[in-house]
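My notes are in the order in which I looked things up.

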Amino acid sequence: MNRRWIVGLPLVIFLVLAMNGRVARVEGQNQGPALIKRGAYLVNQVARCGDCHTPRTNKGKLDLTRHLQGASMWFTPKIKPKGWENRAPDITASGKAGKWNEERMVKFLSTGQESDPPMPRYKLSMDDARAVTAYLRSLAGKKGGAGQKKDDD
Ligand code: HEC
C-alpha cells in the first residue's frame, strides 16, 4: 500500500458507511409502519395538533379517547383575524383524513394554502407531510368505536 491509500482509505470507508446509513434511513421512512410512527411523532410531540383538534374533558385535559376528532377552539383573540374559525375539525379517518385523498392532505400541509386562522399555515417538507398524512389516515377516529359517546363534529 502506498501512502495515498493509507490516508485515503479511512475516508472511503467512512463515506461508504455514512451513505449506507442514509440509504437505510430513507428506505425505512418509506415503509408504512415507520412512516406512521414518524407521523405520530410529528403530530403529537412536535406540532401538537391535538392542542386544538382534540376535545377536552371538563377538567380541561385533552380527552385522548377522542384524539384529534375535532374540538371547539379554547381561545378567541380580542380582534379576530379575517376568516377566524371557532372549530378545529375531526382530522382522523372519520373526518378530513377520510374525506380528503392523500394528495390533497399532503398539499395542504406542505403549502399552507386553505388554512384559516387559527390553523397554522404549515409548510412541511414533502416527507414530513406524507408522514403526518399516513398517521392521520391510520386513525379510525369516530369509526373506531372509542369516542362515539359524543359526536363532536
Ligand atoms: C392553533 C390551533 C391549531 C393547531 C395547532 C392545528 N390546527 Fe388544524 N385547524 C385548526 C382550525 C381552527 C381549523 C379550522 C380552520 C380551517 O379549516 O382552516 C383547522 C383545520 C384543519 C384541517 C382542515 C382544513 C380545511 O380546509 O378543511 C386540517 C386537515 C388540519 N387542521 C390539520 C392539522 C394538523 C395535521 C395539525 C398539526 C400538524 C394541525 N391541524 C394543527 C386549528 C389548529
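The entries below start with the ground rules and end with the backbone.

**Ground rules.** I am working on a predicted model, where local features need pLDDT of at least 70, side-chain atom pairs count only at pLDDT 80 or more, and totals for chains, interfaces and linings use all residues. Residues are numbered from 1 along each chain as its sequence is written.

**Overall fold.** I looked up the secondary structure and found 6 helices and 2 strands in the protein. These are DSSP runs numbered from the N terminus, with helices as H or I of at least four residues and strands as E of at least two. Along the sequence I read the pattern α-α-α-β-β-α-α-α.

Next I looked up burial. I call a residue buried if 20 or more other C-beta atoms lie within 10 Å of its own, exposed if 12 or fewer, and partly exposed in between, with C-beta atoms placed from the backbone. Of the 153 residues in the protein, 27% are buried.

Then I turned to contacts, where two residues count if their C-beta atoms, placed from the backbone, lie within 7 Å. Among contacts with a separation of 6 or more, 54% join residues 24 or more positions apart.

**Nonpolar core.** I looked up the largest nonpolar core and found 20 residues. Such a core is a set of buried Ala, Val, Leu, Ile, Met, Phe, Trp, Tyr and Cys residues joined through C-beta atoms within 7 Å. The residues with the most contacts inside this core are Met 105, Leu 109, Val 132, Tyr 135 and Leu 136. The elements giving two or more residues to it are α2, α5 and α6 (126-138). The largest share, 6 residues, comes from α6.

**Helix α6.** Is α6 enclosed or open? I noted that 10 of its 13 residues are buried, so the helix is largely enclosed by the rest of the structure. Among the buried ones are Asp 128, Arg 130, Thr 133 and Arg 137. The buried residues of α6 pack against α2, α4 (96-99) and α5. I also looked up the partners of Tyr 135: beyond its neighbours within four places in sequence, it is in contact with Ile 36, Gly 39, Ala 40 and Val 43.

The expected span is 1.5 Å times one less than the number of residues. For the 13 residues of α6 that gives 18 Å, and the end C-alpha atoms are 18 Å apart, which agrees.

**Helix α2.** The 16 residues of α2 should span 22 Å, and I find its end C-alpha atoms 21 Å apart, which agrees. Leu 35, Gly 39 and Val 43 are buried in α2. I count Leu 35 as buried because it has 20 C-beta neighbours inside 10 Å. Its C-alpha atom is 9.0 Å from that of Asp 128, 93 residues apart in sequence.

Pro 33 also lies in α2. I note that Pro 33 is exposed, with 10 other C-beta atoms within 10 Å. The C-alpha atoms of Pro 33 and Ala 134 are separated by 9.1 Å, 101 residues apart along the chain.

**Backbone.** Most residues other than glycine have a negative phi, and most peptide bonds are trans. I looked for exceptions.

- Arg 48 has a positive phi near 55°. I place Arg 48 in the loop between α2 and α3. With 13 C-beta neighbours inside 10 Å, Arg 48 counts as partly exposed.
- Glu 114 has a positive phi of about 80°. I place Glu 114 in the loop between α5 and α6. Glu 114 is exposed, with 10 other C-beta atoms within 10 Å.
- The peptide bond from Pro 117 to Pro 118 is cis, with omega near 10°. I find Pro 118 in the loop between α5 and α6.
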